[in-house]
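Hi everyone, thanks for making time today. Let me put the structure up and then walk you through it.

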Amino acid sequence: MDMVATSGAAGAHLVPVETVAQDAVEQLLDLAFGQDRHGRTAYRLRDGVVAEPRASCAALDEAGLLVGSLQSWPLALTGADGLATPLWLVGPIAVHPDRRSEGIGRAMLRRALGAIDRSGIPAVLIGDAPYYEPFGFAADQTQGWQVPGPVDHARLLARTESGTVLPLEGMLGPRHSA
Ligand SMILES: CC(C)(COP(=O)(O)OP(=O)(O)OC[C@H]1O[C@@H](n2cnc3c(N)ncnc32)[C@H](O)[C@@H]1OP(=O)(O)O)[C@@H](O)C(=O)NCCC(=O)NCCS
């Protein structure tokens with residue numbers, strides 16, 4: 001179990017997300033993103049695939065209540081030639097409003113990215129660059145990518161090992177095969 005080094009007196013700890021009731025995760029996501037969240041483009045990117053347990057996690061408080069969750073999904077960038085580059089879609093990441101700015105979000109990201117690094121497959125997400133840049137995410141490689149829905153390309157971020165070059169163009173979508 002990973003403990004989160006928090007700035008407050010109380011602590012939280014990270015556990016596999018599949019050990020947490022799915023209802024509780026959905027309620028937390030409603031709280032963080034609103035109940036209309038299912039219409040977001042990110043949801044189209046993971047339509048029909050299941051979250052990867054090793055690249056996902058949840059944060060529980062001292063009483064065992066859910067205060068954070070992060071799920072990652074198999075994603076692919078498919079070129080005009082039909083060749084697919086495997087990727088991971090990271091997110092949604094959510095922390096309960098009462099427990100923000102304690103480091104829980106960053107602790108969940110570190111844990112998920114550790115698993116993603118071991119997979120050798122680059123991570124992609126839709127999010128605010130200032131939060132994710134310290135983890136190596138950037139928008140420079142994604143500007144020519146197509147997405148099945150509206151997206152602000154400044155928020156379409158990819159994280160590669162230094163020197164790894166991703167295709168300049170392609171369509172993002174769920175990855176149904178390994
Ligand atoms: C984004 C979120 C997961 C961060 O969780 P958290 O546990 O509060 O994050 P941490 O404690 O690790 O980091 C907090 C820091 O990130 C900053 N931060 C939070 N959200 C940010 C954002 N969208 N853009 C830039 N910085 C952000 C905070 O201001 C804080 O800065 P500080 O350390 O200088 O005080 C949480 O705010 C949340 O659930 N937001 C609603 C859902 C959401 O927007 N998810 C992300 C989609 S991109």
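Let's begin with contacts, meaning residue pairs whose C-beta atoms, placed from the backbone, lie within 7 Å. Of the contacts in the chain between residues at least 6 apart in sequence, 68% join residues at least 24 apart. Please keep in mind that this is a predicted model, where local features need pLDDT of at least 70, side-chain atom pairs count only at pLDDT 80 or more, and totals for chains, interfaces and linings use all residues. Numbering runs from 1 along each chain as its sequence is written.

Now the overall fold. The chain has four helices and 10 strands, counted as DSSP runs numbered from the N terminus (helices H or I, at least four residues; strands E, at least two). In sequence order, they read β-β-α-α-β-β-β-α-β-α-β-β-β-β.

Next, strand β2, residues 12-15. Strands pair here if DSSP finds at least two bridges between them. β2 pairs with β1 (residues 2-4) in the antiparallel sense over three bridges, and Asp-2 stands opposite Leu-14. Three bridges also join β2 to β3 (residues 57-60), again antiparallel, with Val-15 opposite Ala-58.

Finally, the ligand. It is surrounded by 16 residues, the closest being Arg-100, Gly-105, Arg-106, Gly-127 and Asp-128; a residue is near if its C-beta atom, placed from the backbone, lies within 6 Å. α1 (22-33), β5 (84-95), α3 (104-119) and α4 (129-132) each supply at least two residues of that shell.

That's my tour, and I'm happy to take questions.

Methods. A residue is buried if 20 or more other C-beta atoms lie within 10 Å of its own, exposed if 12 or fewer, and partly exposed in between; C-beta atoms are placed from the backbone. Two residues are in contact if their C-beta atoms, placed from the backbone, lie within 7 Å.
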